[in-house]
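This report is for a reader who is new to the structure shown below.

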Amino acid sequence: MSAPILSVADLRVGFATEGGLLQAVDGVSFELRPGEVLAIVGESGSGKSVTAQTIMGLTRSQNSRIEGSVKLEGEELIEASDATMRRLRGDRIGMVFQDPMTSFNPVYRIGNQIAEAMRAHRDDVSKQAARARAVELFEAVGIPEAERRVDDYPHEFSGGMRQRAMIAMALALEPEVLIADEPTTALDVTIQAQILHLLEDLNRERGLATILITHDLGVVAEVADRVLVMYGGKVVEEGTLDEIFYDPQHPYTWGLMGSLTRLDRPRPRRLPQISGSPPSLLELPQGCAFRPRCPHEFGKCAEVPALEPRLEDAPSHRDRCWLTPEEKRARRVVEGQIGLEAPAP
Amino acid sequence: MSGEPLLEVTDLVKHFPIKRGILIDREVDQVRAVDGVSFTIEPGQTLGLVGESGSGKSTACRAVLQLIKPSSGSVRFEGREIAGLSQRQMRPLRREMQMIFQDPYASLNPRKRVGQIVGDPLKRQGVASGAELRKRVQALLERVGLAGEHYNRFPHEFSGGQRQRIGIARALALQPKLVIADEPVSALDVSIQAQIINLLDDLQDEFGLTYLFVAHDIGVVRHISDRIAVMNDGKIVEEGEVDQVCEHPRHEYTKKLLAAVPVPDPREARERAAR
């Protein structure tokens, strides 16, 4: 295995709010290797986007408290100066945001915006060279008539095309790490499939290391190598793609799997659901954050379980649940499939 | 097929003019948002209308409810033609057909209390007032999984899923026969989507509701519907029983749509990629 390009260790991000300190990310650790796709899965408020933004240095403010370590090839980013972070952003770490509609400046031509980003980082690139590179990138991400369309304004692009343009911009300086925060959520499924294939090709061909943030387990199954499942600011389960999908250990993961409407299975009479709603980070329950929504909750859950390997034959598969592996295997099967609880009649 | 359909839509068309010109607008072209759509829904059944953005599904819903005036075509509700009725003529019929919207953040008036939001339709139609109104609204809130004491709260105090429950309570307040749900779960977290889908299922059984369920997610539509209509470019390209359409799609567009949905099964995904 190659050395990790990005190492995140015990990352904690808190925000001072009127209601007290909001611990958005609470001790997240992972490593990312070249060519690897790491998926971070979770619902709103799970801390997945704040984790990504903190890696990029985008959560720095008077009200935020950032602890832990983020290393890009050994270089510590948490304490790096703002100028250093500005240099890294775009150049070595690219980012694609969820909403292609609001991520471009509407009054500048798209090609110019890409060229400007390039020239801000590379003094020796001429305007003509930057434009030529923008055309090249448009072709690489599959935008037809690239030569003409670099001179279009954002409103002349459809959602899918704008998302491609944003990926083109993120790749302009050939970063080593790409952070994609819900890159396909706003897109139609047929366009989503194209964008996912594009990301996959880039991974394989350029050895791009990718963090893919999503709530869609279907997307995860298509492109990820490893998966982190986050809940209430913590990683509750971590493993390879197959470990997470075929031997999930945490009840929250079971709940996520069970509540999917799947085209590849017969329709269940009723969807197995997770009851309740995600917790407020200002009023996290004591112990395991998932406890109030978990039908398998017992006395020990008042204490937060450590994220550790609990299966003998899978040292990289870690989770935060007190149930024994035998109990888990027995309890996670609902009507022949993985789910959290038998649906009420 | 049983007796008379609740809703019968025939050749529904909605064209929007494209106008150009200084001072005098001339119509130079048309956007054929809905271009000859026909379907029927039997009482107590769910028709899922699936399609991508821009396919015309939301415009079709609005034209069915006469929220926008259809360019041509017929919409029969319980056998009665409603296309072209005036607002005044529609008013008594509005009790029978209600809508649930996509964005629970935009579809509730932030300055009104939950009790008002859910109770206003009852008041406007003169169904209930005073203590009776309050009792009915509280019962509705409880039925959709909220609590009676939420009556005096404002929408911003609720999560997305809870807001969608408020929207559902409002739609059900007048005990409608037809409920049109336009992307009711696509703005919600995954674990909340299942709750709302199950709630809609239960309410249908309990009140004998008929649904027109509009969504871009064919997985969700397949779960909740009896029949599916697939829409593309303003037209319905395929319509049939859920299992027929999902297992044996006939139209190329339906096949493309089904094939594009990611399967949450890594082995299956690898096989698909290898093919």
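This is a predicted model: local features need pLDDT of at least 70, side-chain atom pairs count only at pLDDT 80 or more; totals for chains, interfaces and linings use all residues.

Residues are numbered from 1 along each chain as its sequence is written, and chains are lettered from A in the order in which they are written.

Between the chains, 31 residues of chain A are in contact with 33 residues of chain B (C-beta atoms, placed from the backbone, within 7 Å). On the side of chain A that touches chain B, helices H7, H8, H9 and H10 of chain A each supply at least two residues; H8(A) gives the most, with five residues. Helices (H or I, at least four residues) and strands (E, at least two) are DSSP runs, numbered from the N terminus.

In chain B, six strands form an open sheet with mixed pairing, in the order S6-S7-S8-S3-S9-S10. Two strands pair if DSSP finds at least two bridges between them. S6 and S10 of chain B are at the edges with a single partner strand each, so one side of each lacks a neighbour in the sheet. S3(B) and S8(B) pair in the parallel sense over five bridges; B:Gly48 has B:Phe213 in S8(B) as its bridge partner.

Two helices of chain B lie across strands of this chain. Angles run from 0 to 180 degrees between N-to-C directions, with axes fitted to C-alpha atoms, for helices over the stretch in contact.

| Helix | Lies across | Angle |
|---|---|---|
| H5(B), residues 160-172 | S6(B) and S7(B) | about 175° to S6(B) |
| H9(B), residues 252-260 | S9(B) and S10(B) | about 100° to S9(B) |
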